[in-house]
Amino acid sequence: MRNKLIVANWKLNGNIELISNYLDFLKFNLPNNLKDNTIVIVPPFVYLERMSHVVNKMNIFLGAQNVDINLKGAFTGEISVLMLKEIGVKYVIIGHSERRSFHNETNNYIAKKFLLVKNYNLIPILCIGETEQEKRKNQTQKVLKEQLDCIFKTLGELAFRNTVIAYEPIWAIGTGISADPKYVQNIHQFIRNYIEKHDVLSKNITIQYGGSVNSLNIKDFIIQPDIDGFLVGNASLNVQEFLKIIAMCISYFTNE
Ligand code: PEP
């Protein structure tokens with residue numbers, strides 16, 4: 001069975017008060033037995049260490065929203081994979097569309113980060129997805145292949161072992177308009193088959209969906225056979241809402 005991953009990406013949000021209330025609420029309400037579901041919270045860098053002391057005692061892992069391609073040196077403003085490792089971070093989001101578009105991150109640059117994260121035994125969550133215009137022009141598969149090929153070119157055929165992919169159609173992120181669950185299922189199947197063609201053992205890779213997921217629309221996604229969890233932005237900032245999402249995932253994925 002594939003591991004199911006539910007990730008809260010807080011982006012540039014949160015403060016000490018929110019963190020304290022959030023973790024308190026989870027401490028008392030998160031089910032003890034998450035079955036095969038893994039929960040990851042990805043706050044801004046500055047809160048990672050503070051949170052690591054608390055989530056250590058809970059069934060929750062921490063992720064980082066970004067990492068630099070360098071390990072150390074004169075790179076003002078950057079964060080190294082070694083620093084993330086030192087404070088107990090386990091996952092790193094790579095290639096989020098907001099980094100691709102606001103920080104001009106290219107496929108090649110993202111592949112370098114992916115390599116570094118893997119080399120240091122952290123788990124990259126690679127975000128891939130098409131723009132609205134690319135979808136309209138029927139270029140979705142071409143774009144996804146290019147995003148994946150760059151990783152294969154840098155890391156070789158076994159690139160995706162012990163990694164996670166988040167399929168995030170850019171037009172669905174932060175818009176409140178999620179993609180059609182059947183459309184997402186077809187894309188996930190395409191991604192899985194494409195990766196499997198290179199490395200048959202990667203067919204069990206976890207492929208999450210991200211794009212305006214919330215507790216009201218998640219049901220139709222959970223039932224799709226190739227959707228293995230969610231990368232949740234906006235809805236994850238509200239702990240009650242995030243807990244509802246977790247509960248629905250546990251209940252469905254467990255009875256699969
Ligand atoms: C995201 O940040 O990756 C995301 C999917 O955001 P939202 O859920 O707000 O669309």
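Ser97 touches Ile170 and Ile173, when residues up to four places away in sequence are not counted. In this predicted model, Ser97 belongs to helix H4, which covers residues 97–102. Ser97 counts as buried because its relative accessible area is 12%, and buried means under 20%.

**The annotated binding site**

The UniProt record, an unreviewed entry, gives the feature "binding site" at Asn9, Trp10, Lys11, Gly174 and Ser212. These positions are spread over 204 residues of sequence, yet they cluster in space, with a largest C-alpha distance of 13.8 Å. From this set, Asn9 and Lys11 are part of the lining of the largest pocket.

**Trp10**

Trp10 sits in the loop between strand S1 (4–9) and helix H1 (16–29). Is Trp10 buried or exposed? Trp10 counts as buried, because its relative accessibility is 0%. Neighbours within four places in sequence set aside, the residues in contact with Trp10 include Leu18, Ile19 and Tyr22, as well as Ile41, Val42, Pro43 and Pro44. Met51, Gln65, Ser236 and Leu237 are also in contact with Trp10.

**Ser212**

Ser212 is found in the loop between strand S7 (206–210) and helix H9 (219–222). Its relative accessible area is 16%, so Ser212 is buried. Apart from neighbours within four places in sequence, Ser212 is in contact with Ala172, Ile173, Gly174, Thr175, Gly176, Ile177, Ser178 and Asn217. Gly174, one of these contacts, is also among the positions that UniProt lists for the "binding site". The side chain of Ser212 also reaches the backbone nitrogen of Ile177, at 3.5 Å.

**The ligand**

Which residues come nearest to the ligand? Of the 14 residues around the ligand, these are Lys11, His96, Glu168, Gly174 and Ser212.

| Residue | Atom of the residue | Atom of the ligand | Distance |
|---|---|---|---|
| His96 | side-chain N or O | oxygen | 2.8 Å |
| Ser212 | backbone N or O | oxygen | 2.8 Å |
| Asn234 | backbone N or O | oxygen | 2.9 Å |

On its own, the ligand has 290 Å² of accessible area, and the protein covers 98% of this.

Ser212 therefore has two kinds of polar contact here: its side chain, which is buried with the rest of the residue at 16% relative accessible area, reaches Ile177, while a backbone N or O atom of Ser212 lies 2.8 Å from an oxygen atom of the ligand.

Technical notes:
Residues are numbered from 1 along each chain as its sequence is written. This is a predicted model: local features need pLDDT of at least 70, side-chain atom pairs count only at pLDDT 80 or more; totals for chains, interfaces and linings use all residues. Side-chain values use heavy atoms; hydrogens and water are left out. UniProt positions are given in the numbering used here, feature names are shortened, and annotations may be inferred rather than shown by experiment. On a 1 Å grid over the protein atoms alone, a cavity is a set of points where a 1.4 Å probe fits but cannot get out, and a pocket is an open set with protein on both sides within 12 Å along at least five of seven lines; lining residues have an atom within 4 Å of a point. Helices (H or I, at least four residues) and strands (E, at least two) are DSSP runs, numbered from the N terminus. Buried means under 20% relative accessible area, exposed over 50%, partly exposed in between (1.4 Å probe, protein chains only). Contact means heavy atoms within 4.5 Å. A polar contact is a pair of N or O atoms within 3.5 Å; within protein, one must be able to donate a hydrogen and the other to accept it, and residues adjacent in sequence count only if both atoms are side-chain atoms. A residue is near a molecule or strand if one of its heavy atoms lies within 4 Å of it. Accessible areas come from the Shrake-Rupley method with a 1.4 Å probe; for residues, only the protein chains shown count as cover.
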